[in-house]
Amino acid sequence: LAKLAYTRTFGTTKWQPLYVPFTSDYEAWSNDVDIAKVADTNGAADGVLTVTYLEEGEKAEANTPYLIRAKQTGDIEVIVEDVTLVPAAKASVEAGGIKLTGTYSPIVIQSGTYSVLHSGSIVQTSNSAGYNLPAMRWYVEGSTSEVKVLLMGDEETGIETVDFAGTNEAIYGTDGVRHTGLKKGINLVRKADGSVIKILVK
């Protein structure tokens, strides 16, 4: 194809899953979104999904799970020139004992069977009616209630954001206010077993 336009509506500026049947340059995405790839899968700790920003000169490969974050809400159109569509394939990537599987068709994720990246966190589906996962996304195979996503960034610590997920965990600031994700500073995370750990995000 001489040109391909991929349009997606973003209702949030938090991380979302991306899985597409074409390879594209970083530059096709960089004006409107941040895009991150799963880092080296060898030696990853169980329950930790490490991702890194896609950088200038790199490509987002077809049939590969990525994380994408819009710089603003609304419709975003990515134009890719001289593109070749590859055969759609259900492919998986494993890291840290976590299996990400892409889909090109909308599917219903049943409660307790899979987890999804939703509003920046990987969460286990708990709705008895299931979760409607749109096309060109990926999901986490298996029932997991405890997955950490580490995004390696430019900050001194190397960790830009950490999203704790799991329907049985809760995150609080030192002021006692509950948060949907980790914030800069000290975070108190109450685990499913009732224990509390402190996490510092710089």
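Strand E20, residues 185-190, runs antiparallel to E21, and six bridges tie the two together. Strands here are DSSP E runs of at least two residues and helices are H or I runs of at least four, both numbered from the N terminus; two strands pair if DSSP finds at least two bridges between them. Look along this pair and you'll find Leu188 opposite Lys198 in E21.

Now widen the view. E20 and E21 belong to an open sheet of four strands, ordered E19-E18-E20-E21, with antiparallel pairing. E19 (178-179) and E21 (196-201) sit at the edges with a single partner strand each, so one side of each has no neighbour in the sheet.

Before going further, a word on what you're looking at. This is a predicted model, in which local features need pLDDT of at least 70 and side-chain atom pairs count only at pLDDT 80 or more, while totals for chains, interfaces and linings use all residues. Residues are numbered from 1 along each chain as its sequence is written, and side-chain values use heavy atoms, with hydrogens and water left out.

As a whole, the protein has one helix and 21 strands. Of its 202 residues, 42% count as buried, meaning under 20% relative accessible area, with exposed being over 50% and partly exposed in between (1.4 Å probe, protein chains only). Take contacts (heavy atoms within 4.5 Å) between residues at least 6 apart in sequence: 62% of them join residues at least 24 apart.

The largest nonpolar core contains 18 residues, and Tyr6, Leu18, Phe22, Trp29, Val33 and Ile35 have the most contacts inside it. Such a core is a set of buried Ala, Val, Leu, Ile, Met, Phe, Trp, Tyr and Cys residues joined through side-chain atoms within 4.5 Å. Strands E1 (3-10), E4 (33-38), E7 (66-70) and E8 (74-81) each supply at least two of its residues.

Finally, check the backbone torsions at two residues. Asp82 isn't a glycine, yet its phi is positive, at about 50 degrees. Asp82 lies in the loop between E8 and E9 (92-95), and it counts as exposed because its relative accessibility is 68%. Met136, also not a glycine, has a positive phi of about 60 degrees. Met136 is in the loop between E14 (131-133) and E15 (137-141); at 24% relative accessibility, Met136 counts as partly exposed.
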